[in-house]
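Dear colleague,

I am passing on a structure that you have not worked with before, and I would be grateful if you would look it over alongside the notes that follow it.

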Amino acid sequence: MTEAVVRLRLNQQQLELMDRTIAQGVASDRVSLVRLALREYAAARRAESKAEPAR
C-alpha cells in the first residue's frame with residue numbers, strides 16, 4: 001500500500017466534534033480518527049463500485 005500525505009483544514013466546530021469522538025473511545029487521537037474515517041470511506045466506495053451494474 002502506498003502512503004499519501006493528507007492535509008485537512010478543519011474549523012473549530014469540526015475539531016471539537018473530533019475531540020468528542022475521540023473521548024468516546026472511537027480512536028486514540030486525531031490522526032487515528034482520520035485514518036479510520038479514510039479506511040471506512042474507501043471500503044464503502046469499493047462496495048459501491050462492486051454493486052454497480054456493468055455498462
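The side chain of Thr21 reaches the backbone oxygen of Leu17 at 2.9 Å, where a polar contact is a pair of N or O atoms within 3.5 Å, one able to donate a hydrogen and the other to accept it, with residues adjacent in sequence counted only if both atoms are side-chain atoms. Please bear in mind that this is a predicted model, in which local features need pLDDT of at least 70 and side-chain atom pairs count only at pLDDT 80 or more, whereas totals for chains, interfaces and linings use all residues. Residues are numbered from 1 along each chain as its sequence is written, and side-chain values use heavy atoms, with hydrogens and water left out.

Thr21 lies in helix H1, helices being DSSP runs of H or I of at least four residues, numbered from the N terminus. Leaving aside neighbours within four places in sequence, Thr21 is in contact (heavy atoms within 4.5 Å) with Val26 and Leu33.

Leu15 also has its place in H1, which covers residues 12-23, and is partly exposed at a relative accessible area of 21%, a term for values between buried, under 20%, and exposed, over 50%, with a 1.4 Å probe and protein chains only. With neighbours within four places in sequence again set aside, Leu15 touches Leu10 and Arg30.

H1 packs against helix H2, residues 30-51, at an angle of about 90°, and their axes, 10 Å apart, are lines fitted to C-alpha atoms over the stretch in contact, with angles running from 0 to 180 degrees between N-to-C directions. The two helices are therefore roughly perpendicular, the word used for angles of 65 to 115 degrees. On the H1 side the contact is made by Leu15, Met18, Asp19, Thr21 and Ile22, and on the H2 side by Arg30, Leu33 and Val34.

Finally, Asp29 caps the N-terminal end of H2, with a side-chain oxygen 3.3 Å from the backbone nitrogen of Val31.

With kind regards

How values were computed. Angles under 35 degrees count as roughly parallel, over 145 as roughly antiparallel, 65 to 115 as roughly perpendicular and the rest as oblique.
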